[in-house]
Structure formats: C-alpha cells, structure tokens
Amino acid sequence: MCGLGRHGKGTLFLSQHLNLDVDAVTFGKAIAGGVDPLSGCLFRTGGRLLNATGRSVMQSHTYAGSSTRALVSAVEVLRKLDKHHGDLARVADVLQQSLQKMAEHPSLRGHVAVHGQGLLWGIYFPDLIDGANTTRWEPAIEAKGAENKVADSDLSRKYADWKVARTSTLKSFKKACHEERVLPYFVMKAKQAGCLLTPVLDLTASDAAEGVRRLQAALLKTKF
C-alpha cells in the first residue's frame with residue numbers, strides 16, 4: 001500500500017526522495033499491480049554474489065504457476081509508473097487539503113484526526129484511541145488471568161461502558177460509509193479505530209475530492 005510512488009514525491013521509493021543511503025529496499029503488492037503475487041528486494045551490492053551461488057529467489061509452491069505472469073505485470077507497471085508521478089503529486093495535494101479541511105469541520109473537530117501523505121492516509125478517532133491507550137484502566141485490570149478481566153467493580157463498569165461506546169461508534173461509522181457509498185479500509189482493532197485511505201495511483205483530482213466529500217458525509221452521520 002505504501003510503495004512505488006504512493007508517497008507523492010515523484011520518485012519510485014520514498015528513500016530516494018529523502019536521499020537515504022540505504023543498503024536494500026524491499027517492495028511488494030504494487031509492483032505487479034495487484035494482478036499476481038510478487039515481491040522483491042533491491043540490493044546496493046551483493047546481487048552478483050547471490051546469482052553466482054546458483055540459488056533462486058523466485059516464489060514457488062502455491063504461486064509457482066503465476067511467476068511469469070507476475071513478472072510480465074511488473075514490467076508493465078514500471079514502464080507506465082513514471083507517467084503518473086506528476087498527476088499523483090497534484091492529486092495528493094487535493095487529497096491532503098480536502099482531508100485536513102474535513103478534520104476541521106465544526107462537528108468533527110476533536111472527534112476525527114487525519115495523518116499521512118501522498119495517497120496513503122489514516123483517519124482515526126482520538127477519543128476512542130486515547131481511551132484504549134490510557135492508563136486509567138490499569139488499576140482495574142488484573143496483571144494475570146483472563147485478558148481484560150477487570151478486578152475493581154467501579155472501574156469494571158466504566159471500562160465496560162467505554163468498550164460498548166467504542167463498538168457502537170465503529171459500527172455507526174461503517175454503516176454510514178455504506179450509505180454514502182464510500183469504502184475505506186476499516187481499522188477496528190483493540191487500540192486502533194478509524195480507517196485507511198489507499199486509493200489507486202491513477203485516481204483523478206475530482207474523484208479524490210468526491211471521495212472525501214462522501215467520507216465527510218459518513219462521519220457526520222457517525223454517532224461519536
């Protein structure tokens with residue numbers, strides 16, 4: 001989700017833009033455009049030594065039949081990717097401005113926060129995450145025994161109420177997204193709450209703005 005130009009800085013890898021003198025770069029998923037499974041690694045040195053051993057780094061077993069197709073797809077992706085860098089940067093600017101404006105909406109400020117760059121963004125709910133990470137529950141959670149088993153009765157009730165409220169908010173958000181016909185990557189784990197935005201690299205500026213408009217409409221329907 002985060003490689004091959006998605007950062008919006010006009011280079012294949014973010015390390016190039018940051019002028020990082022790395023020894024190796026790994027990549028996957030995007031290199032074959034999602035058509036076939038493929039990943040790889042670029043080495044600053046040592047490639048010839050690896051080849052000299054006669055060992056293969058090609059995937060086998062489960063994906064053995066797709067190796068050729070994956071490589072062909074990767075070649076085409078690399079041939080076309082350079083053409084998208086300029087457009088990607090412009091769309092990334094639109095996406096950033098739209099998301100930051102959304103987070104400052106009077107009805108969402110404080111409930112919604114955004115973080116990211118390029119075409120990789122996270123939208124999260126600070127209240128729910130702060131509640132998961134706070135130390136206020138620690139005295140009420142036994143050091144040993146069942147996970148999240150609360151010892152103190154008063155804190156137990158408050159902790160249970162917080163978990164119910166968290167679940168209700170996340171369900172409300174997901175339902176609102178379906179109603180507004182926008183489908184982000186939902187993140188609903190124990191200490192994470194929100195969603196990821198990882199749109200296709202050839203996204204247009206108008207589609208980016210429309211996507212954020214729908215997401216904002218969904219958030220305004222969400223019961224925080």
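How many bridges join strand E3 to strand E4, and do the two run parallel or antiparallel?

What we have here is a predicted model, so local features need pLDDT of at least 70, side-chain atom pairs count only at pLDDT 80 or more, and totals for chains, interfaces and linings use all residues. Residues are numbered from 1 along each chain as its sequence is written, and side-chain values use heavy atoms, with hydrogens and water left out.

Okay, the overall layout. The chain has 7 helices and 6 strands. Those names come from DSSP runs, numbered from the N terminus: helices are H or I with at least four residues, strands are E with at least two. Reading from the N terminus, the order is α-β-β-α-α-α-β-β-α-α-β-β-α.

Some totals. There are 224 residues in the chain, and 32% of them count as buried. Buried means under 20% relative accessible area, exposed means over 50%, and partly exposed is in between, using a 1.4 Å probe and protein chains only. The accessible surface is about 14400 Å², and 53% of that belongs to carbon and sulfur atoms. Areas like this come from the Shrake-Rupley method with a 1.4 Å probe, and for residues only the protein chains shown count as cover. As for contacts (heavy atoms within 4.5 Å), take the ones with a separation of 6 or more: residues 24 or more positions apart account for 58% of them.

Back to my opening question. E3, residues 113–117, and E4, residues 120–124, are joined by 5 bridges and run antiparallel. Two strands pair, by the way, if DSSP finds at least two bridges between them. Gly116 has Trp121 in E4 as its bridge partner, and Gln117 stands opposite Leu120 in E4. The two strands form a hairpin with 2 residues between them, and in the turn Gly118 has a positive phi of about 60°.

Now look at E4 and its pairing with E6, residues 194–197: this pairing is antiparallel too, over 4 bridges.

Next, the rings. The count is 4 aromatic pairs. The rule is that rings of Phe, Tyr and Trp (its six-membered ring) pair if their centres lie within 6.5 Å; planes under 30 degrees apart are stacked, over 60 edge-to-face, and the rest tilted. One of the pairs is Phe125 with Phe173, edge-to-face, at 5.3 Å centre to centre and 85° between the planes. Phe125 sits in the loop between E4 and helix H5, while Phe173 is in helix H6, so this pair ties together parts 48 residues apart in sequence. Phe173 also pairs with Phe186: their centres are 5.7 Å apart and their planes at 80°, so that one is edge-to-face as well. It links H6 with strand E5, 13 residues apart. Phe173 and Phe186 are both buried, and Phe125 is buried at 1% relative accessible area. Ring pairs link Phe125, Phe173, Phe186 and Phe224 into a cluster.

Which cysteine sulfur is nearest to that of Cys177? It's the one in Cys195, 6.3 Å away. A disulfide needs two cysteine sulfur atoms within 2.5 Å, so 6.3 Å is too far for a bond. The disulfide count for the model is 0. Both residues are buried, Cys177 at 0% relative accessibility and Cys195 at 2%.

Last stop, backbone angles. Most residues other than glycine have a negative phi. Asn19 has a positive phi, near 55°, in the loop between helix H1 and strand E1, and Asn19 is exposed at 69%. Arg181 has a positive phi too, near 60°; Arg181 lies in the loop between H6 and E5 and is exposed at 70%.
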